[in-house]
Structures are given as structure tokens and as C-alpha cells.
Amino acid sequence: MEARTNNPFSLLRPEVLAGLSTLELVARQAVEGFFQGMHRSPRFGFSQEFAEYKAYSEGDDPRFVDWNVFARTDRTYIRRYLGETNTRLMIAMDVSASMGYSSGPVSKLQYAKFVAASLAYMALHQHDPVGLIAFDAKVRSYRPPSSRTGSLGAVLHAIDGLTPGSRTDLGESLRQLREHCQRRGLVVVISDLYCEPELLTRAVQPLAWRGNDIMIFQVMDRAELQPDFEESMLFQDIESGEQLEVSPDYLRTTYRDRIKAHLEHVEKVAARLGADHVLLATDEPLDRALRRYFMFRGAHRR
Amino acid sequence: MWLAPLFLLGLAGLAVPLWLHRFAKQTDQKQPFASLMFLEASEIRRSRHHQLRYWLLLALRLLLVLLMVLAFAGPLWRAQARTGAAGATLHVIVVDTSLSMRTAGVWDRAQERAGELIGSVRGSDRMMLVAADHRMRILREAGFASDAGAMRAALSTTEAGESRLDYGTLASGAAAWNGGPGEKVLVHLVTDLQASASPLRFADLQLPAGMQLDLVDVGTESRNNLRIASVGVAEQNDRQALVRIDGDAAALAGRTLVLELNGVERGRRMLDGKAKLPDVQRFELGELGPGEHRLAARLLPADDLPVDDAYFALIRRVQPKVLLVAASAGGDDATYLRAALQSLAEPRFDVDVAQPAALATRALGDFAAVVVSDAGLLTGAPLQALRKYVEGGGAALLTLGPRALQQQNVPLGGATLARGKARSAGEAAARVADVEQSHPVLREPGAWRSIRFFRHVPVVAPDGAQVLLRFENGSPLLFEQAVGKGRLLTFASPLDRDWNDLAIHPLFVRFIAESTAYLAGARAVPAVATVGSAFDSDLARRGGGQVFDPQGKRTMMLDGTQAGPRLVPDMTGYYEVRGGGRSDFIAVNVDPRESQLARLDTETRARWVGLQGERVSGQPVATVAAAAPAQRLIPVWFWLLLAAAALAFMEPLVANYHLHVQRERRT
């Protein structure tokens, strides 16, 4: 079995993850496999680097009460470390029909689910509240950020239940997201971004201005990035049903130039917004997505 | 018009490609794609082109089926034959290419005059070139003056032959030279007007209605032709050759007669210039050994017509020994058989009569054939000796008599005697009902039916035997079979007068002689033939073989399965027939009538031309105009099949291209 090879990152290959029964298992496999590959302890969040004291409040784990301080001051404080700094993670997932496209064993939506589940799993183990908003032309599903016990299962269940919808309306969806995200946090947008980059700017910029950290995972199929057909093909748009016959020459030349220009444009827009743009192909392992998130999370935890 | 219109039912096959394409359209799949945002809408034009290619494939397949069906149905294209204009004339230039045209200077004049005739054709008139000797050969089909070059080329490559022209045959064959509607037909006969070329009936010279005759005389009043009329052996003295010379006495002076035997000169004699013709010259040949001898006579030097200065003959010295086995040398059957065998002059049999016991003691290899008067005589050692002889390549004729009737099987051949009712049928009178006429021993099928058989020995012919005569009840009377390397003829009735009346019938002698000669291999193809006349090459009976002309070129080859092979020699000399394990010669000479160079007198010529005039005046030339327009039916199946083959080659290429596209879509 490929999943049992010595390379831990092989566990993160989408076709391997697709074989797992539940999304929770997928998330655990992905995250633990990722950290094995990074040679880091999976017990993240328990860094020895002291960060601050925080007054005990209801719901905090009493095991972390600093009893020395209590003896001196007769007040209960919780010791907090660097890894424990909470960041609200809001996952905005595009579930439009175009996300249902696949040329291989894993569709873009399925891959997006893996990414979202892995991020949620990672975040909740850092006690970061995780929320989910799924959208196509409108918001299909919303779950406010929460770090309570059992929320992982609820989030994963919500992610698991997503199916490809209709057309994409990124602007309208992110506008609704802004209404739900009143507090600052990390907003992860997972989409194939079949929209004008300027529209993305208009949709994401308000979130950035509010102080949110933005990560954009653009999920694409390999056939979309590097189509390779030897004969003319009659293509049908999954969302609109429109048909078009395209010559192989066009797909090999002009189309690739256009998609490349589009990706570069999105990259620039993201940079302008201060967002992190990560292009993910559905046939590549998840470790790159998780590494970028981990680095981004580390860089923005304060 | 169709050769096989039933094949048009195959047009129903057009539904197959239609169904296939409909089916293919239903299974046509589109390639889903996430977004057409970055694709070019202008590619729609390509899409239409793609559809067009599918139509192209469909059209290709429909056309392929259509062409195949039409090709098998065999359409005939009705084409208007190239005819002349009304009021024009078709000049049929007939050049006599018979032997007499080889007389000194005649053929050159004939070519010259024919060339002039070709050059004289103008305007809308047409011309046609025909060579006439023992057959009519159209050298060039009807054409206009523009074809004069081709006509002259055809004329220049034609030579006079060695066969005979009969003007009567020419006149009857002229019916094939029809002109177009309203076109007159004028036959220009370029000939030497040889008197001997005339038919027996003067009326046979009349050309078909509507044709006019123009006699173009190219002959000369030559009195300088001597010919050898025949070469043979004297009846009283077969060691002496006789050469008969005939022709113009004026040509005798200074001529030498040379006789050759098997290609070697055996005599040379200066002819007497004052001798009366016909003259017979005698040459001593000496003792000739058994076999076939080529005897040729030549006159030197050549005269005006050199071809008839030589004569080719064949002499056979065959005297096969035949052993006649009978119960008693003085019995009826032995007497009749011996008399019949000795009656034949060619070949002449040396008949030896013996009792059955002698078969074991005599050297049977010395005999060409053995005739047994009653197969029931054969038992024990004599039978074994005869069997060994036949299996080693010998030949035997068995007749079945009362003794054979006592046995279960016919000795030697192994045929079984019939039993039960069939056996009792042999007691009843019967007549011959079925005769295998192609067999050389049965030349007179009608005569066989008149012979009465009171009794016969009913037998069942063994496997592989060829039944040559069969009674009305189906029982075989005469059958031939191979035994080892030899041949065996079995006659299911004795040859005495008690069982049938064959012995007193004229057919008896001939049958016995012919069948014995056949078994002995003494009968061969006719030894002498004439140029232009057909004769049986005998190849079929030999089981195949080849015929070579005097120049050594193979002119005929048969595998033995073709019936009635007839050879028409076109030159004098010895033709060689090889086949059946032996080689024989055929002596071919010219028709003696061609050597008679006397010409038609002026009155006869005028009457001949007048004969046409009478007809023309009574039945105007214009009546030809009533003839239906000449049409030709040209079969076009070959071209249809060729086109279908080309399409069949293209179809997989186009189809594979489309299948390739479909495979790509599914990946």
C-alpha cells in the first residue's frame, strides 16, 4: 500500500486520503502525517515559551491555573504560552458547481474538503475557534467559530455534507461573510476563483481592512492548469451548460497563457491585500497547504 | 440495364451505415469542464467542421455500399456507337491474306493499293481495315480519315499467310460490317482474284443487302508455279516413296526435287523440263524401322510461290503384335476376332492365337495387347502372368462369356457380377442405350443401338472404371479401367453369335480393330492436316499435353480437363504433339487450291460486281438507314468495383480518425 511507505508525506496524497472513511480520519491523518514529516511534535499549542497570564474565567482548563500565583495573590490566573494564542479561523469554502470538476480520482471540492478539514483539525487542537461558511451564488451553510468540545466533529460534519451547488458569486458570498465575521481573525478562502480578480479585490478588501488575516487557497484541477488533448474537444461548462469546441492547439497555447495570466493576476491582488495566495492542484499532497497555513499562522499569531 | 438485377436488393444495406451513425450520435459524449471562462468562443466554427466530417464518413460509407451493390448488379452503359453521318460511306478495305497473295510481287501491290484506298477516304466517310484468309480479322475498327495513320500502320504489320480464302465465306462474313444509319457500305476487296477461291455456288458471292463491291485486282497472270501435290509410300512396295508434282509445266525447267527422311536428305533429282504434269517421281527408302517417319519433299530453286514447293508427310511403321487368347483356336470367337484384327491396314496387327495356358509361358512383353475371348478362361498361373503384364503397363481386352458367368468376380479387373434380379436381367434381350461418344473406340454411336444382345453378363463396374457402353437397364456393356500402369477394356458379352449379333454386324470389325489399336497405343492423331483447317489435337484423350508449331513455339497447352481441343495450324511443316507419355507429329501442308494461280476471267468478275448491282438496284442502299442506331452496351462493374475498393481503403482511415476523437473524449 502506498499509504504505508516510509515517506510520511505520502499519507497526504489526495488519492490516499480519498480512501479514508471519515473526514475526521482524513484530517487526523493529514495533520499528523504533516507533523511527522516536519519532525515536530504533534502536541502543538503547548510551547514552553511563556506568553502571559490570563485571569481564570469559566470554561478555562483548571489544570493550567498557576497555583504559585494563586498562593501569592489569592487570585486564579491561567498561564498562557505562545502556541496557545487563540486565532479565530473562519473557513470560507466555495461549493459552486465548478468545484465539482475532476479529471482524476479527487474533485476540487473533495480536495477543498480535505484542506478545510485538516485546517479545522489543526486549529481546534490549538484551541482556536473554527467557523465555516460555504457558498456558491449565496451562502449555503454557516457555522460560527467555536472551540468548544465537540465542535471539531460538528465542523467536520458540516464540511462533509457539502455538495457542488450552482454558480459562483464570490462578491455576494464574502459580503455575507463580513456580516458574520464581526471579530478579527484568520479568514481562509478556498475556491477555484473563476471570477475577475478585481471582483476578488472588492470582495476581500473589506475583510482585510477590518484587520482579518486572509489566506486564499485556490484549488485547481491539473486538467485546468495544463490541459493536454490531442484532438478537438466539445467542452461543456459545468455551471452554465454552455458548449464550445476547442482545438488542441488553442488548449496548448492560448489557454495556458490565459490561465497563467489569471493566476498571476490573482497573486498580485492577494499581495496587494496582504493576503497569502496558495495555488493547489488536486493531484498534489496536502502538506504544502498545511505548511503554508502553519507558517502563516505562526507569523500572524500575535 | 443490369446483368444481375437481383443484387440491387443489396441496396437495403444502405440502412446499416445510417443506423450505425445514428447509434454513434446517441452515444456521443461531451467533455465537461469547470469553466469556459478562458476558452475561445470562436471555436464554434471548428465544431461545425467536426460535424461535417461525421457527415463525410457517413457519405463515404453510403457510397461504398452503393458502389458495391451496383458493381455486383452489373450495370451496362448504353453508349452510342461511333457511327458515320447519313449519306456518308463506310469503306471496308478487305485485304486478301491467303497463300496465293505471296506470289512474287502481289503482296507489295496489295499493300500499295490498300494504302491508296486509305488515303482516298475524305470528309465524313469512314473506313475499316479487314484481313481475310481462312478467318476474317478486323485489323482496325471503323474510323475517319484522321485514323489513316493507324490504318497504314496496321496494314504495314500484316503479312499474307499460308491458308486459303474462300470468297463465299468472305461474302457471308461481310454481314458483320454494318455501317451507321444512312451510311453506305462499300467493300473494297484487294485480292489476286484467284479462280480457285470461288465458292461452289456463284450466288454465294453475293454480299449482304446494301453493300457495294469494288474489286481491286492486284494479281498477275503468273504461269510459273510448280507444287508438290503429295508424298506417300507406294501401295505395292512400302519401301518406295512416291512424290507427285503438279502445276505449270513452264516451271519445270531447271528445278530439282529433293527428298528428306527424318530431316536427312535421301534423294535428289533434276526434273525433266519436258515432262507432262502431273508427274510422279519414285525414291527408294529402304527398310524403315518401326515408328513414325517424317518424309518431306522440296523443289529447288523456289518459284513465284515458294510455300507450296515443299510437302510434308508422315509414314508409320507400326505392326503391333497382339496375343489372342481363346479356348480353341478354331472356335467361332477366335476366328471372328482374328479376322477382325487382321482386317486393319493401318496399323497392321500381327495376331498370335494361343490357349490360356500359354499366357504363363509366353513372353507377354512382346505383345502390344492381349485379347481374351472369355475372361472365365483365366485362372491360376495364366491369370497371374496376365495380371503382371497389365500392371506393368500392358493392355488387355476381356470379353465375358459363359465361363465368366460362372464366377463371382471378373478376373484381373475385379468387377463383381451382379446378383439377384440384376443377374437374371442378363438373360433377357437388351440394347445399348448409352454410348460415351468421346471415346476413340466408339466412333459410331448410332450403329451400337441397332445391335441386339440376347444375353450378357451383368456386372457392376468397379470404382474408378469409366463405363463406355451401357444397356437400357443400366448394366455396363463396355468399361475401361486402369490396372496398375496398364489399361483394361472389359466387354460384358462374348463375341460369338449365340449371345449377340455383333459378329455379323459391320461395326464388329471396326470395334475390335479400333479398341485393340487403342489399347496398343497404335492409334494416333490424324497425321496430315491443312493450314487453316481445324483438327482434333487428341490432347484430351492423352490427359493433357502441348502442341508445338514447326518453329518450336508452343501453340496450345491443355490440362486434359478441357473437352474438344481443336488446333488450327497457320503454317506448313511438322507440328509436334507431346502428351500422354509420347510425342507425335502432324504434317501440315497448304491447301492445294491455293497453288492454282489461275484467275477469275473478266466475265466472271463483271458478273460478280453486277450481282451486287442487281441487288443494289432492287434494294437500295438507303435501306440501311432503316437499321436501328448502333448502340454498344459497356459493362461498368469493373470501374464501380475499383471505386469501391478505393473507398474501402479510405473508410478505415476516416473512421479511425473519428474513433480516435471519441477515445480522447472518454479519457
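Mentor: Start with β3 and β6 of chain A. In this predicted model, strand β3 (residues 89-94) and strand β6 (residues 186-191) of chain A run parallel and are joined by five bridges. Take one of these positions: Met90(A) has Val187(A) as its bridge partner in β6(A). In general, strands of a sheet pair through backbone hydrogen bonds, either parallel or antiparallel.

Now widen the view. β3 and β6 belong to an open sheet of six strands in chain A, with the order β5-β4-β3-β6-β7-β10 and mixed pairing. The edges are β5 (139-146) and β10 (276-281) of chain A; each has a single partner strand, so one side of each is left without a neighbour in the sheet. From one strand to the next, the twist averages 15°.

A helix covers part of this sheet. Helix α10 (residues 254-273) of chain A lies across β7 (213-220) and β10 of chain A. Its direction is at about 150° to β10(A).

Next, the packing. Beyond its neighbours up to four places away in sequence, Val188(A) touches Leu89(A), Ile91(A), Ala92(A), Leu119(A), Met215(A) and Phe217(A). Val188(A) is also among the residues with the most contacts inside the largest nonpolar core, along with Ile91(A), Ala92(A), Ala120(A) and Phe217(A). That core has 77 residues. Helix α4 (residues 108-125) of chain A supplies its largest share, 13 residues. Apart from this core lies another, of 69 residues, including Leu323(B), Leu337(B), Leu341(B) and Leu488(B). In soluble globular proteins, nonpolar side chains tend to be buried together.

Step back to the whole of chain A. The chain has eleven helices and ten strands. Of its 302 residues, 42% are buried. Among contacts in chain A with a separation of 6 or more, 76% join residues 24 or more positions apart.

Last, confidence. The predictor gives the complex an ipTM of 0.75 and a pTM of 0.45. Chain B has a mean pLDDT of 81, with 85% of its residues at 70 or more. Two stretches of chain B need care. Over residues 42-50 of chain B, pLDDT stays under 50, and the model has 14 contacts beyond four places in sequence for them. Over residues 615-628 of chain B, pLDDT also stays under 50, with 19 such contacts. Where pLDDT is low, the predicted coordinates should not be read in detail.

Conventions: Residues numbered from 1 in each chain as written. Chains lettered and ligands numbered in written order. Predicted model: local features only at pLDDT ≥ 70, side-chain atom pairs only at ≥ 80, totals over all residues. pLDDT = per-residue confidence, 0-100. Contact = placed C-beta atoms within 7 Å. Pairing = 2+ DSSP bridges. Helix = DSSP H or I, 4+ residues; strand = E, 2+ residues; numbered from the N terminus. Axes fitted to C-alpha atoms, helices over the stretch in contact; angles between N-to-C directions. Core = buried A, V, L, I, M, F, W, Y, C linked by C-beta atoms within 7 Å. Buried ≥ 20, exposed ≤ 12 C-beta atoms within 10 Å, placed from the backbone.
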